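Here is a short briefing for a first look at a new structure. Please keep the sequence and the 3D view at hand.

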Amino acid sequence: MNNFKDEIHIWIIDKQKIETNKEKDILNTIFKQYGLSSGNLNNYKTGKPYFKGQNIKISKSKRGNIIVYAFSYKDEIGVDIEKTNKLSDIENFSKYFFLA
């Protein structure tokens, strides 16, 4: 059950590629690999998820159709999804504020 003590695992779920009713099944399949159950999944007041009575650290980030879960037994972990701009957009923007 706990073969991942020194590893960090990151799972990326693209909700566009799965049926709506399959998302929970996918999460349960992932959680089972760690000996966990979605029934023990809770959230702190800050929104950070945790599994009641388990030593595993978990982080979740969601943006649009993408959900990312990160798991670690060893250290606290945090994951975040961020939208980035294309370099050409930044170059065009910088022309208004910097001299070439």
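The points below cover a helix, its aromatic rings and a surface patch. The model is predicted. Helix 1 spans residues 23-32 and has buried residues. A search of the whole structure finds 6 aromatic pairs.

- The buried residues of helix 1 are Glu23, Leu27, Ile30 and Phe31. They lie on the same side of helix 1, because they cover an arc of only 95° around the axis.
- An α-helix has 3.6 residues a turn, so residues three or four places apart point the same way.
- The buried residues of helix 1 pack against strand 1, strand 2 (41-43), strand 3 (49-51), strand 4 (57-63) and strand 5 (66-72).

**Aromatic rings**
- Tyr44 and Tyr50 form a stacked pair, 4.2 Å centre to centre with 25° between the planes. Tyr44 is partly exposed, at 47% relative accessibility. Tyr50 is also partly exposed, with a relative accessible area of 26%.
- Tyr69 and Phe71 form a pair with ring centres 6.3 Å apart. Their planes are at 15°, so this pair is stacked.
- Tyr69 counts as buried because its relative accessibility is 3%, and buried means under 20%. Phe71 is buried too, at 1% relative accessible area.
- One aromatic cluster is formed by Phe31, Tyr34, Phe51, Tyr69 and Phe71. Phe31 is also one of the buried residues of helix 1.

**Surface patch**
- Ile8, Ile10 and Ile12 make a nonpolar surface patch of about 330 Å².
- Ile10 belongs to strand 1, which covers residues 8-14. Ile10 is exposed, with a relative accessible area of 53%.

Definitions and conventions:
Residues are numbered from 1 along each chain as its sequence is written. This is a predicted model: local features need pLDDT of at least 70, side-chain atom pairs count only at pLDDT 80 or more; totals for chains, interfaces and linings use all residues. Side-chain values use heavy atoms; hydrogens and water are left out. Patches are made of residues with over 30% relative accessible area and no salt bridge: like charges are joined within 9 Å, nonpolar side chains (Val, Leu, Ile, Met, Phe, Trp, Tyr) within 5 Å. Accessible areas come from the Shrake-Rupley method with a 1.4 Å probe; for residues, only the protein chains shown count as cover. A salt bridge is a side-chain nitrogen of Lys or Arg within 4 Å of a carboxyl oxygen of Asp or Glu. Helices (H or I, at least four residues) and strands (E, at least two) are DSSP runs, numbered from the N terminus. Buried means under 20% relative accessible area, exposed over 50%, partly exposed in between (1.4 Å probe, protein chains only). The arc is that of the directions from the helix axis to the C-beta atoms. Contact means heavy atoms within 4.5 Å. Rings of Phe, Tyr and Trp (its six-membered ring) pair if their centres lie within 6.5 Å; planes under 30 degrees apart count as stacked, over 60 as edge-to-face and the rest as tilted.
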